[in-house]
Amino acid sequence: MSPPFSADDHRFMARALQLAAQGLYTTRPNPRVGCVLVKDGRVIGEGAHLRAGEPHAEVLALRQAGEAMRGATAYVTLEPCSHHGRTPPCADALIEAGVARVIAAMQDPNPRVAGQGLARLREAGIEVLAGLLEPQAQALNPGFIKRMSQGLPYVRLKLAASLDGHTALASGESKWITSAAARADVHRLRARSCAVVTGSGTVIADNPSLTVRDMELPAAWPGQPRRVVLDSALITPPGAAVLGDGGAIIFHDRAADAERVAALSAAGARLEAVARREGGLDPEQVLCRLAQLEINEVLVEAGPTLAGAVLRSGLVDELVIYLAPHLMGHDGAPLLRLPGIEVMADRVPLTVTDLRQVGPDVRITAKIGANT
């Protein structure tokens with residue numbers, strides 16, 4: 001039987017989720033967390049975790065509540081932590097504050113916590129409930145959850161095409177397929193991501209910087225996401241824009257030329273060797289390594305070959321497709337290269353989770369797999 005959550009419980013947890021969303025662009029590699037303290041039906045303290053190393057949501061809410069916190073109910077979007085990281089355990093802070101009740105939206109997937117925070121609260125005599133608005137809480141932290149539970153980041157594959165499914169003209173010309181509004185929307189996707197991944201072919205053809213630009217960002221924003229290039233043969237030029245501020249990672253074949261490794265290292269890139277598999281570098285090894293580097297959410301912006309390879313790997317969690325209202329003709333470059341689809345049963349099923357207009361373009365967000 002589900003816990004007896006009241007209408008007020010739902011209302012206060014919804015507010016905690018609103019607070020957690022304030023950290024959408026700023027908390028990496030930490031999760032986005034909000035907390036609301038309530039006493040006698042009145043909010044007495046609120047907090048949102050905004051940046052790694054700074055106070056957690058529970059601590060900020062307790063500070064705001066002051067002496068009134070004794071006997072209060074704490075609504076938290078994620079189980080209070082029970083270990084010493086960059087900050088002390090929040091479970092201990094709630095116990096010392098004398099709260100009477102804690103409602104958590106979800107258990108922390110971090111193995112260092114994973115129910116221990118809730119258990120510590122119960123052992124201290126605090127009433128504890130969990131699971132209120134859990135799907136909404138999970139949606140705030142897909143990358144943190146996947147990294148902690150599977151050792152992989154959450155992968156979004158961004159694609160842009162004409163209405164007839166092409167990403168470039170036959171001549172190779174591709175700027176710009178979509179509108180300024182759609183491109184601004186992509187910058188918001190980059191801003192919430194820990195890393196933006198592309199291939200060396202895109203670097204050579206377009207020389208993108210893959211940085212976040214032309215948007216107002218919170219003061220707590222930790223800076224540009226890591227730029228990641230998959231480049232088995234190390235053909236990325238040392239002067240490529242993607243290497244501009246020294247934050248890029250280049251994944252390459254273990255048999256790569258030592259002189260090229262040295263040149264790119266001197267240009268400020270971090271070089272990571274991974275195994276090859278048929279068709280290129282092993283995307284699972286790349287993503288596992290990114291998870292080890294505390295990368296929660298990855299945005300893949302690549303050409304049709306790499307985009308197709310990543311999709312075929314089964315490691316893509318979400319597609320974000322921008323379709324522009326124009327036609328580019330049958331000789332244009334395809335949206336994806338997906339060899340081997342010869343009969344209808346081979347199709348890649350998708351479930352559309354969001355469909356909206358962005359300027360003149362249409363943005364489709366979809367999960368991999370049929371809606372069951």
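## Cavities, rings and strands in a predicted model

Helix α10 gives the most to the lining of the largest cavity, with four residues. This is a predicted model, where local features need pLDDT of at least 70 and side-chain atom pairs count only at pLDDT 80 or more, while totals for chains, interfaces and linings use all residues. Residues are numbered from 1 along each chain as its sequence is written, and side-chain values use heavy atoms, with hydrogens and water left out. Helices (H or I, at least four residues) and strands (E, at least two) are DSSP runs, numbered from the N terminus.

**Cavities**

- There are two cavities of 30 Å³ or more in the structure. A cavity here is a set of points, on a 1 Å grid over the protein atoms alone, where a 1.4 Å probe fits but cannot get out; lining residues have an atom within 4 Å of a point. Grid points are joined across faces, edges and corners, and a volume is the space filled by probe spheres set on the points.
- The largest cavity holds about 80 Å³ of space, and its lining is V197, L230, P283, V286, L287, L290, V300, L306 and V310. Two elements, α10 (283–292) and α11 (304–312), each give two or more residues to that lining.
- By class, the lining of the largest cavity has nine nonpolar, no polar and no charged residues. For the classes, Ala, Val, Leu, Ile, Met, Phe, Trp, Tyr, Cys and Pro count as nonpolar, Asp, Glu, Lys and Arg as charged, and the others, Gly among them, as polar.
- The second largest cavity comes in at about 60 Å³, and its lining splits into three nonpolar, four polar and four charged residues. Among the lining residues are R28, R32, R192 and E297.

**Rings and charges**

- A search of the whole structure turns up one aromatic pair (ring centres of Phe, Tyr or the six-membered ring of Trp within 6.5 Å; planes under 30 degrees apart are stacked, over 60 edge-to-face, the rest tilted).
- The ring centres of F12 and Y75 are 5.4 Å apart with the planes at 45°, so this pair is tilted. F12 sits in helix α1 (residues 7–20) and Y75 in strand β3 (residues 73–76), so the pair ties together parts that are 63 residues apart in sequence.
- Both F12 and Y75 are buried (buried is under 20% relative accessible area, exposed over 50%, partly exposed in between, with a 1.4 Å probe and protein chains only).

**Strands**

- β4 (residues 101–104) points R101 and I103 one way and V102 and A104 the other, and all are buried.
- β3 and β4 pair in the parallel sense over four bridges, with I103 in β4 as the bridge partner of Y75. Pairing takes at least two DSSP bridges between the strands.
- β4 also pairs in the parallel sense with β5 (residues 127–130), over four bridges; there A130 is the partner of A104.

- Most residues other than glycine have a negative phi, and most peptide bonds are trans.
- R28 and P29 are joined by a cis peptide bond, with omega about 5°; P29 lies in the loop between α1 and β1 (34–39).
- A114, not a glycine, has a positive phi of about 40° and is partly exposed at 35% relative accessibility.

Note on methods. 1 Å grid on protein atoms, 1.4 Å probe; cavity = no way out; pocket = protein on both sides within 12 Å on 5 of 7 lines; lining within 4 Å.
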